[in-house]
Amino acid sequence: MDNELIVFLDKIDVCQEENIILRNASLQLRRGEFIYVIGKVGSGKSSLLKTLYCEIPLHKGTALVAGYDLKKIKRRDIPFLRRKLGIVFQDFQLLTDRSAIKNLEFVLKATGWKSSDDIKKRIDEVLELVGMQTKGYKMPHELSGGEQQRIVIARALLNNPEILLADEPTGNLDPETSAQIVQLLHDIRQRGTAVIMTTHNYNIVQSYPAAVVKCENNLLITNS
């Protein structure tokens with residue numbers, strides 16, 4: 001298989017309980033590629049991402065993600081897969097009782113980082129990457145929505161993921177802030193991290209072009 005291929009889905013069914021959300025879906029993503037997954041609310045975009053990080057189990061088809069076979073992956077290996085993935089949520093999911101820096105520190109310690117110097121250095125790096133180097137001391141409620149999302153992206157980048165999964169990252173943001181976040185994701189892609197971004201905002205897709213697949217009628221349709 002192509003060494004640059006880091007997501008390979010072949011004829012998978014994406015199911016929530018007994019319901020098939022996407023049928024016979026296929027998708028390929030190479031290193032440094034950017035793919036939009038578009039579609040209406042409830043069309044299966046988020047469920048597709050949840051399948052990639054093993055929130056939803058795979059029952060049918062072939063799915064290889066960052067070197068892991070999702071059909072055969074053992075429960076104990078799922079955290080190691082997720083360290084190769086950066087996940088950006090629409091609703092931020094920051095810990096509200098601590099500063100942005102402490103949010104990032106929590107993740108690094110939870111994923112095995114021990115050295116205080118290394119932790120500080122990595123936090124400084126990702127904050128600079130997302131343009132938040134002067135805001136790390138602030139609590140989440142002191143940050144705007146766009147600033148919170150930048151911290152979330154910084155958090156997703158901490159362990160140098162091979163793939164960034166951004167689930168409606170602009171869903172709660174105004175148009176100008178949305179544009180800045182999407183530009184940031186494209187900048188990250190240019191540094192070599194592959195990005196899959198779900199959205200139902202077609203203006204963003206037109207303004208920041210990349211490959212597009214569409215969730216519609218329980219199918220994943222590749223636009224040529």
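Colleague: Which residue stands opposite V37 in β8?

Modeller: T198 in β8 stands opposite V37. Some ground rules come next. This is a predicted model, where local features need pLDDT of at least 70, side-chain atom pairs count only at pLDDT 80 or more, and totals for chains, interfaces and linings use all residues. Residues are numbered from 1 along each chain as its sequence is written, and side-chain values use heavy atoms, with hydrogens and water left out.

Colleague: How do I read strands and their pairing here?

Modeller: Helices (H or I, at least four residues) and strands (E, at least two) are DSSP runs, numbered from the N terminus. Two strands pair if DSSP finds at least two bridges between them. Take β3 (residues 34–38) and β8 (residues 194–199): five bridges, parallel. β3 also runs parallel to β9 (residues 211–216), with four bridges joining them. On that side, V37 stands opposite V213.

Colleague: Is β3 buried or exposed?

Modeller: Buried means under 20% relative accessible area, exposed over 50%, partly exposed in between (1.4 Å probe, protein chains only). In β3, five of the five residues are buried, so the strand is largely enclosed by the rest of the structure. Both faces are covered. F34, Y36 and I38 are buried on one side, I35 and V37 on the other.

Colleague: What is the strand order in the open sheet?

Modeller: Four strands form it, in the order β2-β1-β4-β5, with antiparallel pairing. β2 (19–30) and β5 (68–69) stand at the edges with a single partner strand each, so one side of each has no neighbour in the sheet. β4 (residues 60–65) pairs with β5 over two bridges, in the antiparallel sense. There, V65 stands opposite Y68.

Colleague: Which helix packs on that sheet?

Modeller: Two conventions first. Contact means heavy atoms within 4.5 Å. Axes are lines fitted to C-alpha atoms, for helices over the stretch in contact, and angles run from 0 to 180 degrees between N-to-C directions. Helix α1 (residues 45–52) packs on the sheet and touches β1 (5–16), β2 and β4. The direction of α1 makes about 120° with that of β1.

Colleague: Which residues of α3 are buried?

Modeller: In α3 (residues 100–110), they are A100, N103, L104, E105 and L108. Their cover includes α4 (116–129) and α5 (145–157). After α3 comes G112, with a positive phi, near 100°.

Colleague: Now empty space. What does a probe show?

Modeller: Rolling a probe the size of a water molecule over the atoms shows where empty space is left. The search uses a 1 Å grid over the protein atoms alone. A cavity is a set of points where a 1.4 Å probe fits but cannot get out. A pocket is an open set with protein on both sides within 12 Å along at least five of seven lines. Lining residues have an atom within 4 Å of a point. Grid points are joined across faces, edges and corners, and a volume is the space filled by probe spheres set on the points.

Colleague: How many cavities of 30 Å³ or more does the search find?

Modeller: One, in the whole structure. The largest cavity holds about 30 Å³ of space. Its lining is L49, Y53, I87, F89, L165 and D167. For residue classes, Ala, Val, Leu, Ile, Met, Phe, Trp, Tyr, Cys and Pro count as nonpolar, Asp, Glu, Lys and Arg as charged, and the others, Gly among them, as polar. The cavity lining has five nonpolar, no polar and one charged.

Colleague: What lines the largest pocket?

Modeller: It has 20 lining residues, with R82, I87, V107, T111 and R155 nearest the centre. α2 (78–83), β6 (85–88), α3 and α5 each give two or more residues to that lining. α3 gives the most, four residues. The space is about 560 Å³. The lining divides into eleven nonpolar, five polar and four charged.

Colleague: How much space lies in the second largest pocket?

Modeller: About 170 Å³. The lining residues include T51, C54, K71 and R75. By class, the lining has seven nonpolar, one polar and two charged.

Colleague: Where is F92 found, and what is F92 in contact with?

Modeller: F92 is in the loop between β6 and α3. At 12% relative accessibility, F92 counts as buried. Leaving aside neighbours within four places in sequence, F92 is in contact with G145, Q148, Q149, V152, R155 and L173. The C-alpha atoms of F92 and N172 are separated by 9.6 Å, at 80 residues apart along the chain.
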